[in-house]
Amino acid sequence: MLKPDGKLVFVVPASWLVLDDFSKLRLFLAHAGRLTVYYVGKVFQRRNVSCVVMVLERNGKGMNLYDGEKLIVSKPDYKGELIRFETPQVLEFERGGIALEHLFDIYFAARSPEIRAHPQVSTKPQKGLVPILTGRNLKPGWIDYEHCYSGFWMPREAAPTLRFFYGFPHIVVGHTKGTRVVAALDERCYPWREEFHLVPKVGNLDLQAIVRYLNSEAVQTYARTLYRDFVPHLTLTMLKRVPIPQELVSRNEMPKLPLEG
């Protein structure tokens, strides 16, 4: 327990800044005092972990985020939300589009235990079976349907028995590509063991145009700026917030967005 004027200093992995698993920790810190976070990156040799110096002072409130010694974000009324490098430019970019979660339901692929237990899954290639795809098959704008990195095969027509969305063309977004946004349209409707799968909530979306946009340098810059290398993968919350330009959505298909405040 800290004294009323106490100060706590820790060097910790940066993942708690953005992972949903640490939402209660961020909320606790927001109410416990003034939080100062210094991003220092990968400072430990032979450890591929990005770190921050976390300073908690009991006699204060708010949150400041530094890049080294440079102050980037200051929130006097911090309430425990994600801690991101929210520059004015990246916030303008984010607010200028429609959050992806308003246009798509986001699902995750079937897990390995489900795949192993499926009666039509084989661990050997056979005639009439297709590879169960993984993140290694997903490339920016295209999918490698030929190689099997999962070690599993199954009939393509049986894929929807694992996940319903394997039964129709849809966008796949990488979960295991760091904080890069890597997307492609699965037009062949193959089974997958990994990655995010986007099912439109509204009609008449140009899926190929959205794939091109998600792979664009503008989106990569957006993700790199906000999340640096805090975590080794793209999270669901990060993906939900990716802004989709309004010009890629038909005016007749605009979703009704919740009012702010």
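## Terms and model

Two strands pair if DSSP finds at least two bridges between them. Helices (H or I, at least four residues) and strands (E, at least two) are DSSP runs, numbered from the N terminus.

The model is predicted: local features need pLDDT of at least 70, side-chain atom pairs count only at pLDDT 80 or more, and totals for chains, interfaces and linings use all residues. Residues are numbered from 1 along each chain as its sequence is written, and side-chain values use heavy atoms, with hydrogens and water left out.

## Whole chain

The protein chain has six helices and 15 strands. Along the principal axes, its C-alpha atoms fill a box of roughly 70 × 45 × 25 Å.

Of the 261 residues in the protein chain, 50% count as buried, meaning under 20% relative accessible area with a 1.4 Å probe, protein chains only. Among contacts (heavy atoms within 4.5 Å) with a separation of 6 or more, 70% join residues 24 or more positions apart.

## The five-stranded sheet

Five strands form an open sheet with mixed pairing, in the order β1-β3-β2-β4-β5.

Strand β4 (residues 63-67) runs antiparallel to β5, and five bridges join the two. Leu65 stands opposite Val73 in β5.

## Thr36

Thr36 is part of strand β2 (residues 34-41). This residue counts as buried because its relative accessibility is 8%. Leaving aside residues up to four places away in sequence, Thr36 touches Val53, Met54, Val55, Glu57, Asn64 and Tyr66.
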